[in-house]
Every structure is written in C-alpha cells, then in structure tokens.
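This report covers ring contacts, the chain interface and a few backbone features. Please keep the structure in view while reading.

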Protein chains: 2
Amino acid sequence: MTKKLIIVDWGTTSFRAWLLEAETGTILSEITEGKGMRALHRSEFSAYAKSQLDGWRADSEETIPVYLAGMVGAPQGWQQAPQPPLPMRGEELVRDIVPVADMADTYIIPGVRQSGQPQDADVIRGEEVQIFGAMASLGRQSGLVCLPGTHSKWCEMQEGVFTRFHTSMTGEVYEVMSKHSILGLMADPSADFDSDGFEKGLGQVEGEGGLLNHLFKARARVLYGDLEQSQTASFLSGMLIGAEIRAMRDIYECEGREILLVCADRLAKPYSHALSHLGLSSRHISSKDATLAGVRALAALHGVNSK
Amino acid sequence: MTKKLIIVDWGTTSFRAWLLEAETGTILSEITEGKGMRALHRSEFSAYAKSQLDGWRADSEETIPVYLAGMVGAPQGWQQAPQPPLPMRGEELVRDIVPVADMADTYIIPGVRQSGQPQDADVIRGEEVQIFGAMASLGRQSGLVCLPGTHSKWCEMQEGVFTRFHTSMTGEVYEVMSKHSILGLMADPSADFDSDGFEKGLGQVEGEGGLLNHLFKARARVLYGDLEQSQTASFLSGMLIGAEIRAMRDIYECEGREILLVCADRLAKPYSHALSHLGLSSRHISSKDATLAGVRALAALHGVNSK
C-alpha cells in the first residue's frame with residue numbers, strides 16, 4: 001500500500017492542505033479555502049486542525065503524518081517552532097521540527113533567521129520550505145529564489161546550503177500607501193495592471209531622489225506629468241517592485257542567472273516584467289508546487305514513513 | 001500712521017493668521033488655532049475667512065491687505081492659484097498672485113512646480129514663501145533649505161533665484177507605516193524620542209538592502225536584534241529621515257554648507273540630529289518666522305502699501 005503524507009500551509013489569513021502520495025507527490029485530495037489563524041481564537045487551533053484533517057486520516061489504515069509550515073509555528077501560532085540561524089542544509093532544518101503536543105504524528109517545520117550584525121537581522125517563516133522545494137522540483141543544489149509577496153524574500157541556496165536571505169516590505173508598503181496615504185485618493189489598488197504605468201514606475205526609480213521622493217512623484221506626475229490617474233496603482237507597483245529588485249541586485253549576483261520566481265500567478269506577471277525590464281531572466285514556479293515539493297523533501301529528510 | 005499687513009497660512013488642517021506692522025514685522029495680533037479647510041465645506045471658506053479677519057480690518061482706517069499662502073490656493077482650496085515653473089525670482093512669483101474674488105484687497109500667493117522631464121515633476125504649495133522668507137530673514141541670496149514635514153522639501157536658492165526642489169514623503173510614510181503596517185503592532189508613534197533607537201535607524205539605512213528591506217528590519221531587530229519595542233518609533237523615524245537626507249545629499253551640494261532647517265521645533269531636533277550624524281551642519285528657523293518674513297518680502301515685491 002502506498003504511503004501517504006498530509007501537508008498544511010497555515011498562515012495568518014489562509015489554511016490550505018493536501019493529501020499526497022508521499023513518493024510520487026500525486027495529490028489525492030485538497031482543501032483550498034480553510035480558515036487563517038486570524039479568523040480563529042487561539043484555543044480553537046487544535047480542534048480546527050483536527051476537524052479539517054481527521055477525515056483524511058480516519059480513512060487510512062496507517063497513521064498519515066501531517067507536516068505544517070507557515071505562521072502556524074510563530075509565537076502567536078498553534079505551537080511555537082524555533083527559527084535557527086543560517087547557513088543550514090535541509091538535514092539541519094529538520095532537526096528543529098516540532099511535534100505538535102495534542103495531535104499524533106503532526107509536525108511543525110521551523111522558520112529560519114539571519115544572524116550576524118544587528119543590522120543584518122532578518123526572519124522568515126513559511127517560505128523556507130518553498131526554497132528547498134524550488135531546488136527539489138528543479139533537481140538543483142544552487143539558485144537564487146525571489147518570493148514576491150506582502151514581505152518579499154530574496155534567498156540564496158549554494159550547493160544545498162541555504163546561505164542567506166533579505167526581506168523587503170514591498171507588498172505591505174503597496175497596500176498601506178494605496179489605502180492610507182494621499183496616493184490612495186488617486187490610486188485604485190484593484191485597477192487592472194497597466195503596463196505603461198508600471199514601466200513609468202520602473203523608470204522613475206532609476207532616477208535620483210530615493211524612494212521617499214519617488215513616492216511623491218505619483219502625485220506630481222498626475223498633476224503635471226504624463227501619468228493618468230487610472231495608472232497610479234500600476235505606477236506605484238512598478239516603483240516598489242523596481243526598488244526592491246534594484247536593491248537586491250546590488251546584493252546578489254544576478255547577471256547571467258535565472259531567478260526562480262516562487263509566487264502566485266498574479267504576482268508572476270509584474271515581477272517577471274520588472275526583472276526582464278532590468279535585463280534579468282526568471283522562471284516562475286507556483287507557490288503551491290514549491291510548498292509541496294519542499295515539504296516532501298524535508299519530510300523525507302525527517303524520516304517520515306521510514307520510522 | 002503705520003501701514004499694516006495681514007498674513008494667513010491656511011492649509012488642510014490649520015488656519016493661522018497674523019496682523020503685522022508691515023515695515024517692522026512687529027506682530028500686533030495673532031490667531032493660532034483656526035479651522036483647516038478639511039473642517040469646513042468649500043462653500044464656507046469665504047465666510048470663515050471674513051469672520052476671522054474682519055475684526056482686524058474693521059478697527060483700521062485704511063484697508064489692510066491680506067496675503068494667504070498654503071493649500072488655500074490648491075484646486076480644492078478657496079480659489080485656485082497657479083503653480084508656475086521654476087526657476088524664478090520673487091519678482092516673478094508675485095506676478096501670479098491671485099486676488100480673491102469675494103474679499104477686497106485679499107491675495108493668494110501661488111505655488112511653484114518643477115518641470116522638465118516627466119520623472120522630474122514635483123509640486124510645492126505653501127513652503128515657497130518660507131524659502132524666500134528664510135533668505136530674507138538671514139539677508140542671504142543663496143542657500144539650501146530643508147523643510148521637514150508630512151511632505152519634506154529640499155529647496156535651493158541661488159543668487160535670488162529659486163532654482164529647484166525635491167519632495168520626500170517622509171512624514172506621511174512615517175504616519176502611515178506606524179498606524180497601518182505590522183510595525184504599528186510594535187511602534188507607538190507618540191512614544192518619546194529615543195536617541196539610541198533613532199541612531200540605530202540612521203545606521204540601518206547606511207547598509208545595503210534599500211528602504212523596503214530596512215523597513216522590515218524594525219521587526220527583525222526587535223525579534224532577534226538589539227532593539228527594544230519601545231524604540232521602534234524612533235528607529236523608524238531615524239531610518240526615514242536618514243534615507244531622505246542621504247538621497248538629497250546625492251543631489252544637492254551639502255559639504256561645508258549650512259543647511260537651513262525650516263520647521264516646527266519638534267522636527268528640528270531629529271533633523272538636526274540626523275544631519276549632524278552625517279557630518280552636516282544646520283541652522284533652525286521656525287516655520288512661523290519663515291512664513292512671516294517670506295510673505296512680507298513677497299508682499300513688498302507685489303507693491304502692497306505702495307499702490
């Protein structure tokens with residue numbers, strides 16, 4: 001009989017789970033729209049996880065192991081998992097996997113952190129499995145991974161070792177400035193992607209003045225420049241994504257390298273557009289594929305199904 | 001009998017007015033806490049201005065001229081004043097002064113704008129009088145003026161010509177990120193200025209990663225670094241002010257120059273601290289003094305009291 005595996009990505013705003021054949025990765029069943037932790041009281045986490053997953057486990061003769069990744073392991077999550085410092089291999093990461101106290105054969109994958117000088121401090125929780133997954137899915141040991149989102153991450157893997165990463169608050173600054181700043185009077189964050197506005201934003205951050213100056217340009221250019229009010233959201237997006245990529249390009253060797261873009265489809269378009277505009281090549285891997293491949297790889301290292 | 005002058009700084013959130021002796025600048029009376037335009041319906045602007053100022057004018061045998069500066073001249077203000085392009089002298093700016101249609105001897109001072117390439121577009125309204133005022137109050141023709149605030153301005157005057165300026169959204173990004181981002185869960189924007197936290201913020205933006213990365217550091221450093229949660233607001237302030245100054249230093253010649261800091265007292269401290277930290281010297285001029293000196297100088301060029 002085929003061994004199975006349950007993978008859960010449980011974050012602040014979403015709960016997604018998959019029942020897989022461990023060896024092949026074939027998806028047998030899927031929960032795409034569960035409750036994020038914010039929608040539950042902390043005392044409900046345990047009962048909620050069981051209610052979602054017990055059905056899959058009850059149908060099976062063996063106990064199917066469950067691996068969870070994401071903010072579920074944060075201090076405000078179900079049960080806290082550590083964030084050991086880089087550099088590390090997958091073999092090292094799985095040593096800090098935390099068994100959940102009140103659910104059998106259930107494990108939380110740790111986050112990791114960047115240590116060193118205080119100004120280098122950085123933290124990640126959830127995306128670490130996607131980095132291992134991106135490598136596993138391509139059969140690579142080394143690569144540069146960009147994970148766009150609320151808190152975009154750029155991460156480097158060298159010969160199987162997760163060496164370093166940087167977080168940029170790109171998505172959150174976009175949300176907050178679109179909704180709560182004077183730009184919100186002009187920008188409609190739900191407006192369609194406008195490639196002309198987006199490219200003007202990319203071009204804006206090439207100039208002098210810094211990001212705080214560029215942000216005001218959205219207003220000035222609409223008043224007297226060449227920007228339509230309906231383009232403001234795409235312009236802001238282009239500026240922020242452009243600023244992120246330019247800063248990361250100064251840190252990571254990017255020339256002649258294929259940047260692995262791990263994200264939802266809606267973010268792949270602007271990021272690949274921006275990378276290409278800056279002369280950089282990229283390949284898109286869906287977040288889901290990266291999560292599944294990463295947890296499978298880490299679960300194998302953790303010895304699931306071989307115990 | 002001494003000629004008099006009424007000066008009004010009417011913005012979105014405040015109305016301040018002064019009755020002066022035109023020649024000496026002696027303040028005869030003052031309104032410090034009137035209603036900003038946001039607190040009034042547009043149809044009320046005219047009656048409100050008259051209710052505030054008619055008392056001063058009724059006591060006088062002559063008609064006392066009124067000069068208004070600030071957002072009062074914006075499209076959403078009392079009556080729109082133009083924003084002619086730089087470079088310009090005071091003599092040129094006063095040509096675009098707009099008489100208010102429904103109040104006698106009442107004038108709105110125009111804003112100015114930066115033109116040229118679309119990415120250079122920038123706009124100013126209200127601070128332009130303070131730049132002329134900073135020069136007039138020091139008896140100078142040239143200088144570099146920094147006006148910190150919601151939208152910080154750096155402006156250059158060369159031999160009496162207002163040549164260029166740049167706006168940075170420093171104060172607004174501070175407000176919005178403190179209140180609406182995850183940093184708001186940690187930062188108390190009303191916390192006391194903490195010089196250690198502020199200097200850590202200044203030091204943070206010296207490093208690689210760009211502002212979007214530095215913003216996330218406030219969280220990472222509190223979790224694992226050397227930053228107390230109570231220092232988060234000062235750290236954020238140091239990062240943003242530091243980023244503004246560093247970007248402007250790349251544009252304006254700053255070495256060996258005294259930067260004129262035109263602002264309220266509460267902003268003078270962090271800005272002079274940051275400038276000094278970067279090896280730059282500054283002199284503080286209060287916004288009020290700069291406004292009064294600037295309007296007096298422009299009113300004289302406009303020919304008030306000589307008509």
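This is a predicted model: local features need pLDDT of at least 70, side-chain atom pairs count only at pLDDT 80 or more; totals for chains, interfaces and linings use all residues.

Residues are numbered from 1 along each chain as its sequence is written, chains are lettered from A and ligands numbered from 1 in the order in which they are written, and side-chain values use heavy atoms, with hydrogens and water left out.

**Interface**

On the side of chain A that touches chain B, β9 (122-124), β12 (161-168), α4 (170-180), α6 (210-224) and α7 (232-249) each supply at least two residues. Helices (H or I, at least four residues) and strands (E, at least two) are DSSP runs, numbered from the N terminus. α6(A) gives the most to this side, with 12 residues.

The contact (heavy atoms within 4.5 Å) takes 46 residues from chain A and 47 residues from chain B. The area buried between the two chains is about 3,900 Å². Carbon and sulfur atoms give 69% of that area. Buried area is the accessible area (1.4 Å probe) that two parts lose on being put together, summed over both.

Two salt bridges cross the interface of chain A and chain B. Here a side-chain nitrogen of Lys or Arg must be within 4 Å of a carboxyl oxygen of Asp or Glu. One of them joins the side chains of A:Asp122 and B:Lys217, at 3.9 Å from N to O.

Charges also sit over rings between the chains. A:Arg113 lies over the face of B:Tyr224, 4.5 Å from the ring centre. B:Arg113 lies over the face of A:Tyr224, also at 4.5 Å. The rule asks for NZ of Lys or CZ of Arg within 6 Å of the ring centre and within 35 degrees of the ring normal.

**Aromatic pairs**

Rings of Phe, Tyr and Trp (its six-membered ring) pair if their centres lie within 6.5 Å; planes under 30 degrees apart count as stacked, over 60 as edge-to-face and the rest as tilted. The count comes to 20 aromatic pairs over all chains. Two examples follow.

| Pair | Centre distance | Plane angle | Class |
|---|---|---|---|
| B:Trp10 and B:Phe45 | 5.6 Å | 65° | edge-to-face |
| B:Phe193 and B:Phe198 | 5.0 Å | 55° | tilted |

B:Trp10 lies in strand β1 (residues 4-10) of chain B and B:Phe45 in helix α1 (residues 45-58), so their pair ties together parts 35 residues apart in sequence. Both B:Trp10 and B:Phe45 are buried. Buried means under 20% relative accessible area, exposed over 50%, partly exposed in between (1.4 Å probe, protein chains only). B:Phe198 is buried at 0%, whereas B:Phe193 is partly exposed at 30%.

In chain A, one aromatic cluster is formed by A:Trp10, A:Phe15, A:Phe45, A:Tyr48 and A:Trp78.

**Backbone**

A cis peptide bond joins A:Leu86 and A:Pro87, with omega about -5°. A:Pro87 sits in the loop between β4 (66-69) and β5 (88-89) of chain A.

A:Asp105 is not a glycine, yet has a positive phi of about 50°. A:Asp105 is partly exposed at 34% relative accessibility.
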